[in-house]
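Try each task before reading its solution.

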Amino acid sequence: MPYLTAPEALGDLLEDEPSYRVDQLRKWLYETPVLTAEQMTNLPLGLRAQIASKLWPFVTEVEQRADGGATRKWLFRTPDGASIESVVMGYPRRTTLCISSQAGCAMGCTFCATGQFGFERHLEAGEIVAQVAYALAALRSDPMPNSPDRITNIVFMGMGEPLANMDRVEESLRRMIEVMKIGARSITVSTVGVVPGIRRLAATPWQVNLAISLHAADDELRTELVPLNRRYPIADLVAAAREYHDAKGRRVSIEWTLIDGRNDTADQAKKLAAIARRLRAHVNVINLNPTPLTDDRPAGRSSVERFMDALAAAGVNATLRDTRGQDIDAACGQLRVAQETTIELPTQAAATTQKGRT
Ligand code: SAH
Ligand code: SF4
């Protein structure tokens, strides 16, 4: 399958074809991606038929839309049955694609749907890159209502812990940046705190952005929410993030999912502010998207306001992110949970289409 193959190895798949066909195929796959072989107009019909079933390393099992078409979510299925989720979110001046790096996740964060589901397997570099190519092609054939048709930002914030799958994530970054010509500065890798992975990312030649999912500002609470904190406590994580900042000259961001009664307190806001100032980090606060498998609730409106005010008063740059696509379970791993357990989807407002692709 082409997407499981490095762009440089496409020639092996087109053994008897002249070399310019390899360039043509690479363009259709990596540079101006299309969804079907029929759209590869400069390839002979016979060749199109031959590769038609090999275009994507997965089938599209579900496509859901919300927010008037400005949020689209895909659940893909690989031939071995693994699930992959991607979400694209359109805003007036940017279009952000959220991609997965693993099927499931082994980190077990208590509030996260993916964490609750457990680890299935690592995604191959080709499976990571294919999510980007698929979204590019889908947006070209069916543009967003009021946002750029091209993808302006890519975030590794779907399923999985990217820095626990570093070999393949690094190769996927290479293909995106060096083959697809996507700017490294428009890509963000989000980690829950795999410290050696942060150091490895720092050693790559690319100016990729780093986001650290902190969620708690002292080790006691963080270990409850994020079990990996036992292995890499806050001080080590912050030191690695600081090194990343110094190595790349890029501002690191801190992700904070607000959970009612847990990390929405004045004490946590104060400790978070101290960490953010030390890192010169921007803080992205997102209120919890409730998942079916825990009792955790989002913070109430007044405590969200108090939390944001406390950060601002402490001189910290912070943004409250909207929870996009709640009616299609757009939070990390949620679509998959809804599909694979008997829990019902709240589908009232979401237009759901089922599509098969081979
Ligand atoms: N494993 C990486 C990247 C994927 S998770 C990481 O944790 O950073 C991406 C983001 O989604 C994380 O910041 C995580 O905290 C957030 N997230 C997970 N579950 C969520 C939920 N139920 N509601 C809101 N945000 C959630
Ligand atoms: Fe894994 Fe990130 Fe979810 Fe934690 S928040 S379980 S690291 S995907």
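Helices (H or I, at least four residues) and strands (E, at least two) are DSSP runs, numbered from the N terminus. This is a predicted model, where local features need pLDDT of at least 70, side-chain atom pairs count only at pLDDT 80 or more, and totals for chains, interfaces and linings use all residues. Residues are numbered from 1 along each chain as its sequence is written, chains are lettered from A and ligands numbered from 1 in the order in which they are written, and side-chain values use heavy atoms, leaving out hydrogens and water.

**Exercise 1.** Find which strands each supply at least two residues of the shell around ligand 1.

*Solution.* Start with the shell: 18 residues surround ligand 1, and G160, S190, S213, H215 and N289 are the closest. A residue is near if one of its heavy atoms lies within 4 Å.

**Exercise 2.** Identify polar side-chain atoms that lie 2.7 Å from an oxygen atom of ligand 1.

*Solution.* A polar contact is a pair of N or O atoms within 3.5 Å. One such side-chain atom belongs to S190, and another, an N or O atom, to H215. The protein buries 92% of the 540 Å² that ligand 1 exposes when taken alone (Shrake-Rupley method, 1.4 Å probe).

**Exercise 3.** Describe how helices α6 and α7 pack.

*Solution.* First, α6 (residues 166-179) and α7 (residues 195-202) meet at about 30°, with axes 11 Å apart; axes are lines fitted to C-alpha atoms over the stretch in contact, and angles run from 0 to 180 degrees between N-to-C directions. Angles under 35 degrees count as roughly parallel, so α6 and α7 are roughly parallel to each other.

Definitions and conventions. Polar contact = N/O pair within 3.5 Å; in protein donor to acceptor, adjacent residues only side chain to side chain. Parallel < 35°, antiparallel > 145°, perpendicular 65-115°, else oblique.
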